There are 2 protein chains.
Amino acid sequence: MTFALLFGGNSFEHEISIVSAITLKDKIKKHTLEFIYIDQNRNMYLVDKQNMKSKYFASGEYKNSQKIEITKGGFKYTKGLLKKDVFLNYDAVINLIHGKDGEDGKLAGILEFFNIKSITPNVEASVISYNKVLTKAYAKEIGVNVIDYEIITEPKSSFDFPIIIKPARLGSSIGVSVVKTQEEFDYAFDVAREFDDLIIAEPFIEGIEEYNLAGCLAGGEFMLSNIEKVEKSDFLDFEKKYMDFSRKNVMLSDVDKDLTERIKKTFKKIYNSTFKNAIIRCDFFVKEGSVYLNEINPIPGSMANYLFDDFDDVLEKLAKNIESEKEVKIDFEYINKIQMAKGK
Amino acid sequence: MTFALLFGGNSFEHEISIVSAITLKDKIKKHTLEFIYIDQNRNMYLVDKQNMKSKYFASGEYKNSQKIEITKGGFKYTKGLLKKDVFLNYDAVINLIHGKDGEDGKLAGILEFFNIKSITPNVEASVISYNKVLTKAYAKEIGVNVIDYEIITEPKSSFDFPIIIKPARLGSSIGVSVVKTQEEFDYAFDVAREFDDLIIAEPFIEGIEEYNLAGCLAGGEFMLSNIEKVEKSDFLDFEKKYMDFSRKNVMLSDVDKDLTERIKKTFKKIYNSTFKNAIIRCDFFVKEGSVYLNEINPIPGSMANYLFDDFDDVLEKLAKNIESEKEVKIDFEYINKIQMAKGK
């Protein structure tokens, strides 16, 4: 199959998205890829495979690539003096834009409105996972445990130190701090405010275990990844996570069977029909045997391909089972009724 | 000022949107309007003011209008053999598409991604108000009362009859039923399922009072409408609401001062920064003196213009204070760091 990979975007995770795309270029063996780069100004470029190197983007060289536009039915550019439309060919688009633009629902909205078949969280799923307050609210409504939290509007919290301060709407640990003193709290609050006006505080729980599981639902069947046990000192900050990004060996955990089952069951509850058409990664905490949702990554770094045994197969099965939104037929019944009532 | 009115869309409320646009054409005196119709196939047309009659759309005549496209920076069509781009001029767009496409976050995403200055709920605000489960979850997180509810997957509920059955994601009372017997419940459940796969049940509370309040935040100041007390028999069904749509006289309630203040306070709590750039109408229930949020209409019928004393002024003030999303500057710091580390 042929996939069009959308990456970049006006996002704090722009560079992660570039690395994600380069990683997938190497990891996807069975399928053909087209690369569509969205620069910080949201201009779009069709990038040749041989140019898929981070330097090509950082240097601005990408501007020599073919400019392309998103429009009804797909991506097009014009050719020649008569500006003939040329549409890009692919079987499905993969939305690989992390953070703003990609995960906040904007691109999902565009892809859906323009009827572009895509592997992407839809608008609702994006919003639920992008805003941590809504993630927790959603989890509570469907009966999934979450770590306690507070919305804070100043560096004050009812939790005892250490606590974690997070901007509500960013991924990749950007703007996140663990604080142990009021002084650190003051500073961390200012840092978080640089990224969002909605800030939350959570208690930092020592010795909590973290497990990641990715998957999707294709044709009524779940395709779940291996479970990764995350080893970390304090917590992964942006830089560490980033530098660690192209890791080749993943710690696949020797998770006991009962816990494995409970993690999988929780994943399915979260995914249900809300996350259809997306490959998501859920990060879980386990505390005293109970499973808590930490966060939902609806577009995980390099699509969490490293967690799957056969990622090519997952992509293919999902792409073949993309569910388009039901179209509404307009019959003008009411307007016609009014016209008749008016005697027009 | 000049406003471009977006209406229509692939939505069950397509016809309501047409009526909304026609209503605003008559109600807006001080400003100039451009009309952009989105048909059920999501083709866009620039419609002349003199053609703004419901029959023009119902008959299909609208297809003779100038086709127009949404793109980076606005709306354009091409002219002549050389296909020169012509961009439409306006000060701000008004998203007047009710239900799907307009209120589910798709258009908000497109408008924001393409940097189009608009009066519209943003993606997050759209999703919160479009899905009634999320509306309730959001209200609970910010400390606003909501009527109890259950997600139901079959015609069974723990509430006593009468109960209300609602598809989670539609407005204008479409697919909503009040049921008093199991037989009615079975039927109502099937009806609701025609519109959504997420269905909720609420207890129907006799003698509850309903109040509507519209408003927006412009330049740090709230502009709130008059409060409307809604008189109804059982509840407003789609047809009744629709036929009632162009009503000229609104029952402005003789609401007591204390209740007025509490309704306004609740409105502001809901609106906060989440609904910035939108004129929303909140429908409240009052039960034993307590205020409950029933639903948030982020794009109310004809923008709830009938509730405001000077709607032209509200539009102008809001348009002048539209807050654009902060743009992210990409500095390629991390990629450059990796390049250096690699010695490239």
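Predicted model: local features only at pLDDT ≥ 70, side-chain atom pairs only at ≥ 80, totals over all residues.

**Entry 1: a helix in chain B.** Next I asked how many residues of α3 in chain B are buried. I found seven of the eight, so to speak a mostly covered helix, spanning residues 106-113. The buried ones in α3(B) include B:Leu107, B:Ile110, B:Leu111 and B:Phe113, and B:Lys106 is buried too.

**Entry 2: chain A overall.** I turned to chain A and noted 10 helices and 16 strands. Its radius of gyration is 22 Å, close to the 20 Å from the globule rule for 344 residues, so chain A is as compact as a globular protein of that length. I put its C-alpha atoms in a box along the principal axes and got roughly 65 × 65 × 45 Å. Buried residues make up 60% of chain A. The accessible surface of chain A is about 14,800 Å², with 46% of that on carbon and sulfur atoms.

**Entry 3: a sheet in chain A.** Which strands form the edges of the open four-stranded sheet? I first wrote down the order, β14-β13-β15-β16 of chain A, paired antiparallel. The edges are β14 (221-230) and β16 (290-297) of chain A, each pairing on one side only. Neighbouring strands here are turned by 25 degrees against each other on average, direction ignored. Helix α8 (residues 257-271) of chain A packs on this sheet and touches β13, β14, β15 and β16 of chain A. I read about 50 degrees between the directions of α8 and β13(A).

**Entry 4: one strand pair.** β13 and β15 of chain A are joined by seven bridges in the antiparallel sense. For A:Glu210, I found A:Phe285 in β15(A) as the bridge partner.

How values were computed
Residues numbered from 1 in each chain as written. Chains lettered and ligands numbered in written order. Heavy atoms only, no water. Pairing = 2+ DSSP bridges. Helix = DSSP H or I, 4+ residues; strand = E, 2+ residues; numbered from the N terminus. Axes fitted to C-alpha atoms, helices over the stretch in contact; angles between N-to-C directions. Contact = heavy atoms within 4.5 Å. Buried < 20%, exposed > 50% of the residue type's maximum accessible area, 1.4 Å probe, protein only. Rg over C-alpha atoms; globule rule 2.2 N^0.38 Å. Areas by Shrake-Rupley, 256 points an atom, 1.4 Å probe, with all protein chains shown as cover.
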